[in-house]
Amino acid sequence: IEDNIVHHTVGEGINDEGESTKIRRNLVALTIWPGDWMWEDRGVEESNIDWTAGIKANKARSPVLQGNVVAGSEKAGYHVDGEPGDPAVRRRRRQVSDEWSDNEAHGVLIGVLAFKDDCVAPTAKVRDFTIWKAYDYGVYWQTRCNLEMSDLTIVDAQLAIFDMVIGPSPLSHVPGNKYSRLEDSVIIGRSEDFDCTELAFNPKPPYIKYSKDGRSWKTPSGGFVGKAPCLHSGGPNNAPEKPFSGEMTYPTIDGLCEMEDVTFANFGTACGSEDVAFMLNPKIEDTLFPTYASGINWVNVPKENKVFYGRPSLGKVNPSDCVDMYCDAKFQGLVIDIDGSFLGSAGTVVPEHEWQWDDPDDQRGGRGDYRIPITLLTDLDGNRLDVDDICPNKGIVRDDSCTYIDEWQAYECHSEDYELLSIESLDADTETRRLSPLVLVADQYCSMYNGPQDHGWCAGYTCQKRISTFNAVVTKEGHYEMHFTGYSPQNLRLRLLARDAADYNFRLTIFYAKPYRLDVYVNNQFIIPKNGRYNEDDQLVTDAPDPATPDEYIPALDDPSGSNYVDHDKRLIHLTIRGDDPIDIRTQPVLQVAFGMPAVSDDEFYGDNLRQNLASFLSIPAEKIRVVNVVREDPNKRKKRAADTMQVEVEIIDPPAQDISDGTEEQAEASRQELQE
């Protein structure tokens with residue numbers, strides 16, 4: 001389909017559902033949305049959610065788009081599923097040499113569009129589009145594929161790019177390892193000849209008025225936005241039936257957002273408002289994964305217009321959403337400048353995590369010292385500790401390199417190396433048993449996390465379920481202590497969410513209220529505690545530290561990932577975390593039994609048949625029994641008689657599984673339930 005002019009169509013100008021179609025050098029002008037065709041005579045189809053595109057090729061197989069122009073469409077310029085980004089997929093689709101290039105759209109609501117079912121698995125490419133005067137979005141992309149955007153030029157768009165990658169569901173506890181990348185592109189806020197009256201529709205035409213769910217967002221003053229952090233969501237947000245810019249499911253376990261060699265130009269004061277190059281999505285209250293930036297160029301962008309971090313929604317503080325405190329997105333979103341091109345030198349944009357913490361003028365957000373778990377503020381003797389002795393500072397750990405930028409509502413930091421730590425309950429009640437707020441303490445700073453909001457609907461009402469997965473900001477080589485408000489999960493997974501995690505390390509201490517044995521696994525392989533060893537019966541035993549050196553078993557920062565030590569007196573487990581391999585902590589109940597028996601000699605007691613005799617007496621397998629202590633009658637208090645007894649203390653516990661990747665953990669869970677019964 002080459003060198004055609006398609007003008008004033010009701011519905012798509014070109015609709016391709018074929019295979020290997022070459023669509024080249026076509027002009028499609030004035031594409032009318034069927035919902036308001038002849039609306040003055042026949043009325044407007046207000047419920048019509050069809051997003052008509054000038055060129056529609058999302059159902060085509062291996063189309064090639066080159067040199068096309070969509071000039072004026074009441075909805076979208078192009079509705080596509082992208083080019084295959086995987087060379088193997090390109091070969092399979094016979095699309096080896098032909099690449100998309102030189103396509104243009106202007107005078108549209110959305111320049112390039114893809115919805116949840118549009119996908120060229122595993123990776124879709126969107127490249128070489130020029131988009132200008134897009135009322136809502138330059139690119140709106142929401143699919144299950146990885147996304148690679150390159151060679152884009154977007155001008156005069158209310159929001160230049162919205163990118164959302166779907167799946168997998170976090171309830172599967174499986175990371176998706178998916179990404180969205182923008183590179184070699186130019187985003188211009190306002191062109192030099194931008195007319196401020198162009199967008200002042202009065203009244204709004206039907207194709208805008210009756211697509212209110214398709215609106216993008218603006219800055220608080222009504223300005224344009226260049227880019228927002230990409231979204232990684234466990235499911236679609238159900239656009240176009242639902243609002244385009246929000247999410248309706250939990251965030252995924254992980255996700256990567258990258259910007260490389262991108263130029264931002266002309267973001268400043270215009271038309272009485274402030275345009276911003278990078279802004280957090282105001283509709284998102286759950287996790288925002290870090291955006292890694294390199295090779296960023298700035299042209300006519302004042303520093304105060306580079307970034308804007310909005311505030312969390314107070315409307316979400318209710319039993320149906322975030323419950324009794326703000327959710328986390330606005331408190332943990334990061335922009336990580338790798339090479340200094342974003343901030344002037346390598347660093348990170350860090351949110352004002354402490355905002356409204358014990359604010360005397362407004363405590364509706366539910367954040368303050370009174371939400372710190374009581375276990376953090378109580379010593380071993382039950383005495384209450386002064387919070388100012390534990391964490392006089394609130395928010396994410398900062399040093400003297402951090403400067404608060406009023407216009408950003410965030411910090412610019414240049415020394416600390418910030419990343420996200422995923423903290424994930426693997427328990428069956430992850431949605432129904434609340435663990436939050438969760439508090440991390442490091443360097444006398446307290447940070448607090450609530451987790452995602454409730455996204456469910458049950459018989460027309462919210463389900464009042466919230467997944468217990470948290471994403472907390474940590475620093476390289478930091479020393480953190482973590483406390484849950486609820487009882488710690490029986491099965492906890494930790495994972496560092498860092499793009500370059502191999503050399504990243506820190507230490508984490510977690511409080512456990514109950515005296516369980518804690519088994520640590522890295523990549524499903526058991527890690528013996530630092531004070532652990534196996535006795536002659538091949539049973540795991542742990543040695544107490546020397547009183548003169550109580551910290552001798554606490555793992556060092558340079559220890560392998562998963563190195564651990566449990567301080568049973570303080571109910572703390574100490575861990576070294578290095579790299580991005582998942583670390584699982586599995587609790588194992590310990591049954592301690594004490595009973596009296598006739599006194600016998602040591603040789604008789606510790607004979608070969610001891611464990612077997614005890615096993616027969618207690619009707620349990622011998623390998624589950626470990627003798628802990630033997631207390632004999634004091635001979636100075638009573639004369640030895642034949643009826644003298646001694647007190648025997650034993651532990652009954654399953655040995656730790658060495659590998660939990662083959663279903664062993666399910667067996668251990670069944671054994672744990674049996675032991676508890």
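**Reading strands, burial and contacts**

Tutor: Threonine 576 is placed in strand S44 (residues 572–578). Helices (H or I, at least four residues) and strands (E, at least two) are DSSP runs, numbered from the N terminus. This is a predicted model, in which local features need pLDDT of at least 70, side-chain atom pairs count only at pLDDT 80 or more, and totals for chains, interfaces and linings use all residues. Residues are numbered from 1 along each chain as its sequence is written, and side-chain values use heavy atoms, with hydrogens and water left out.

Student: Is threonine 576 buried or exposed?

Tutor: Buried means under 20% relative accessible area, exposed over 50%, and partly exposed in between (1.4 Å probe, protein chains only). Threonine 576 counts as buried because its relative accessibility is 0%.

Student: Which residues is threonine 576 in contact with, leaving aside its neighbours within four places in sequence?

Tutor: Contact means heavy atoms within 4.5 Å. With those neighbours left aside, the contacts of threonine 576 include Phe506, Pro555, Asp559 and Ile583.

Student: In what order do the seven strands of the open sheet stand?

Tutor: Two strands pair if DSSP finds at least two bridges between them. The order is S27-S32-S31-S36-S38-S44-S43, with mixed pairing. Strands S27 (393–394) and S43 (564–567) are at the edges and have a single partner strand each, so one side of each is left without a neighbour in the sheet.

Student: How many bridges join strand S31 to strand S36?

Tutor: Four bridges join S31 (residues 438–442) to S36 (residues 479–484), and the two run antiparallel. Leucine 438 stands opposite phenylalanine 484 in S36.
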